[in-house]
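Here is a short tour to read with the model open beside you.

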Amino acid sequence: MEKAQLLRYIAKRALIYVITMLVAFSVLFFFLRLIPGDPVSRFVRDIEVRYSYRIENTQEIIDAYKERFGLNGDLLTQYISYMRRVFLEFDFGPSFLNFPTPAQNLIWRRLPWSIGFLGVATLMAWVIGIAAGTLVGWKRGTKLDSALFSLALCMSQIPYYLVALLLVLVFAYVLGTFPPRWAFSPTVTPGLNLEFIASVLKHATLPALSLILVQVPSWVISTRALTISILGEDYLLYAQAKGVKKVRLLNRYVLRNILLPQLTGLAMSLGFVMNGFFLIEWIFSYPGIGTLLVQAIPVLDYNTIQGIALISIFTVLSANLIIDVLYPLVDPRIRTGG
Amino acid sequence: MSQTFKKGTFLSRLRSEFLTVLKSSPVFRVGFVLLIIVFFLAIFEPAINDFRLDGHPSTKFGVYEKLLPFSAEHPFGTDHFGRDTLAIQITGLKFSLMIGLTAGGMATLIAVFMAVVAGFVGGKVDAILNAMTNAVLVIPTLPILIAMAAYMRMNLWLISLTLAIFSWPWAARTIRAQILSLKEMGYVELAEMTGLNKFEIMFTEILPNLIPFIGVGFSMATIGAILAETGLRVIGLGPAELPSLGMLLNWAMTFGVMAQGYHILVIGPAAFLVLIFISFNLVNTGVEEIFNPRLKKITGI
């Protein structure tokens, strides 16, 4: 592809990226504000109850808090000031959950736990799924194929939170092999010691396993489909006729053509995993952003909810953009298209 | 796509298309039988429960002794509220399906409207609607649903509408792609040449051929809605007067019956949910195989 053409392509993708992000975020903002509920008055009432203290000039205090939370003025003013704060100052605003800690601090504190177990589990599921899918596709029409493929089809129908619930039921309550909740045992001291790491791994096993069990089947199904379609291509027949060895055929001709589209899928799912699977965290009381989200909703903590949603929208779209930009550089077929 | 071009009235076409799929796809046959079982249980839920419980409503507390073991009278025992477990789970299935179908229907209406307008007007309108679709697609929907369910008094229509607002984009994309490819078909060009206007072409030539895809979109949206609804109910939100399977799971979890060993209270609703998902999905796969030959080549079933 010509350089100018490539630049135009990248510019177009970047523009779509920015527009989609703005639209998605605006829809999210207005939808959340449409929900009836007055979190500030509730927040002030909670303070009164907690400290058994009668606030005299309630209205003024409510107004002052509204100012802090960016909830004063009409919707449009709120929207503009919020967007300015988030996109120019990278500040999500104070949280209700843990006032006056800013929402972003609350989120950053939980994020490593989520990225840790969600990221690792998604990657593991991807590797296992691609390997199994290629194998099954390669052996298409055999008993192994039909057995594994039917298993994958059935498994892919089970909702992720049910898988998590059943795993808790079997491994935590019936067998007692793994702990049912939290990220590490209360008896160990957090830090870089073996005991802590072992405890973290043990606690992450069940949440990660439920994520892997949910994701592997869909990777197997899509990889098998790709493999079978590649096996039907003329160039593969030609290579076979030339006498290219099986291992080389599988590595150079099949796997290479599978990896590219499946990498796109991986980028997509790394983004979606955040908002798709946060109930798994809640089921295991895992201290990630999923659990934080479930805690933020009952108090209608706008800044925290929006912050988490923004991060998840940002991840999905950025992953897409990166793939869109890298694709023509890697795949010669797209280079001419633009 | 040869199966899709059939002559005759709308209904007879629909029937012959259905028979084609039924004859040629074993996946569809299995799914269809399971779907009949699901619908049978849901539709005849009042009769079945009346017969089994001597007229006691399945949701009434304390009719029987609490947490009875399995017996002939109570095949799944009773729960911690003193209700027949099997009966309340069939009731749950009914409500899950009811909410799912209502939401799925609403979502399909939105999707068809968006896709038809985008696919037919084209140009800038298409670009704008497409951007909307893609934006809604990346919004994390469950958090918004949870927030709405937590703050609004939900009934069947409101919860279905809320679910529908976020489950239309996938169906809209599929249907739009199909309209774009149908527009290029020879017979649409022919119809244009004979002087039919866009509107007539849409309703006489294109919409009938979209039916299988609208059907697939509907059942996908229904599954999506049930999935999201169950997610809401598992964490304890949503209308209490519609005890769906998700709500049963929430009851089981919050009362800690899992830790006490009454596993059927979790496994039962889970099994019914999986039955719903598998039946809808198999029917979908079957229909797609027939009407999307490229897919058939790829899945190779």
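## Salt bridges

Over all chains, the structure holds four salt bridges, a salt bridge being a side-chain nitrogen of Lys or Arg within 4 Å of a carboxyl oxygen of Asp or Glu. Before we look at them, please keep in mind that this is a predicted model, in which local features need pLDDT of at least 70 and side-chain atom pairs count only at pLDDT 80 or more, while totals for chains, interfaces and linings use all residues. Residues are numbered from 1 along each chain as its sequence is written, chains are lettered from A and ligands numbered from 1 in the order in which they are written, and side-chain values use heavy atoms, with hydrogens and water left out.

Side chains of opposite charge can pair when their charged atoms come close. One of the bridges joins Lys94(B) to Glu45(B), with 2.9 Å between the closest N and O atoms. This pair links distant parts of the chain, 49 residues apart: Lys94(B) sits in helix 4 (residues 85-121) of chain B and Glu45(B) in helix 3 (residues 45-53) of chain B. Helices here are DSSP runs (H or I, at least four residues), numbered from the N terminus. Glu45(B) has 5% relative accessibility and therefore counts as buried, the term for under 20% relative accessible area, with exposed meaning over 50% and partly exposed in between (1.4 Å probe, protein chains only).

Another bridge connects Arg176(B) and Asp126(B), whose closest N and O atoms are 2.8 Å apart. Because Arg176(B) belongs to helix 8 (residues 169-183) of chain B and Asp126(B) to helix 5 (residues 123-138) of chain B, the pair ties together parts that are 50 residues apart in sequence. Both Arg176(B) and Asp126(B) are buried. Arg233(B) also forms a salt bridge, with Glu229(B), and there the closest N and O atoms are 2.8 Å apart. These two residues are four apart in helix 10 (residues 198-234) of chain B, so about one helical turn separates Arg233(B) from Glu229(B). Arg233(B) and Glu229(B) are buried as well.

## Aromatic rings

The count of aromatic pairs over all chains comes to 10. Rings of Phe, Tyr and Trp (its six-membered ring) pair if their centres lie within 6.5 Å; planes under 30 degrees apart count as stacked, over 60 as edge-to-face and the rest as tilted. Take Phe29(A) and Tyr79(A): their ring centres are 5.3 Å apart and their planes at 65°, so this pair is edge-to-face. Since Phe29(A) lies in helix 1 of chain A and Tyr79(A) in helix 4 (residues 75-89) of chain A, the pair ties together parts that are 50 residues apart in sequence. Phe29(A) counts as buried at 1% relative accessibility, and Tyr79(A) counts as buried at 17%.

How far apart are the ring centres of Phe29(A) and Tyr82(A)? They are 5.8 Å apart, and with planes at 35° the pair is tilted. Tyr82(A) is buried, at 4% relative accessibility. Ring pairs link Phe25(A), Phe29(A), Phe30(A), Tyr79(A) and Tyr82(A) into a cluster.

## A buried glutamine

Gln262(A) is found in helix 10 of chain A and is buried, with a relative accessible area of 5%. Its side chain joins that of Ser222(A) through a polar contact of 3.0 Å. A polar contact is a pair of N or O atoms within 3.5 Å; within protein, one must be able to donate a hydrogen and the other to accept it, and residues adjacent in sequence count only if both atoms are side-chain atoms. Leaving aside residues up to four places away in sequence, Gln262(A) touches Trp126(A), Ile130(A), Trp219(A), Ser222(A), Thr223(A) and Leu226(A), where contact means heavy atoms within 4.5 Å.

## Where the chains meet

Chain A brings 41 residues to the contact and chain B brings 40 residues. About 3800 Å² is buried between chain A and chain B, and carbon and sulfur atoms give 86% of this; buried area is the accessible area (1.4 Å probe) that two parts lose on being put together, summed over both. Phe31(A), Gln157(A) and Tyr161(A) supply 15% of the area that chain A buries against chain B, more than any other three residues.

Between chain A and chain B the count is zero salt bridges, while two residue pairs are in polar contact across the interface, both at pLDDT 80 or more.
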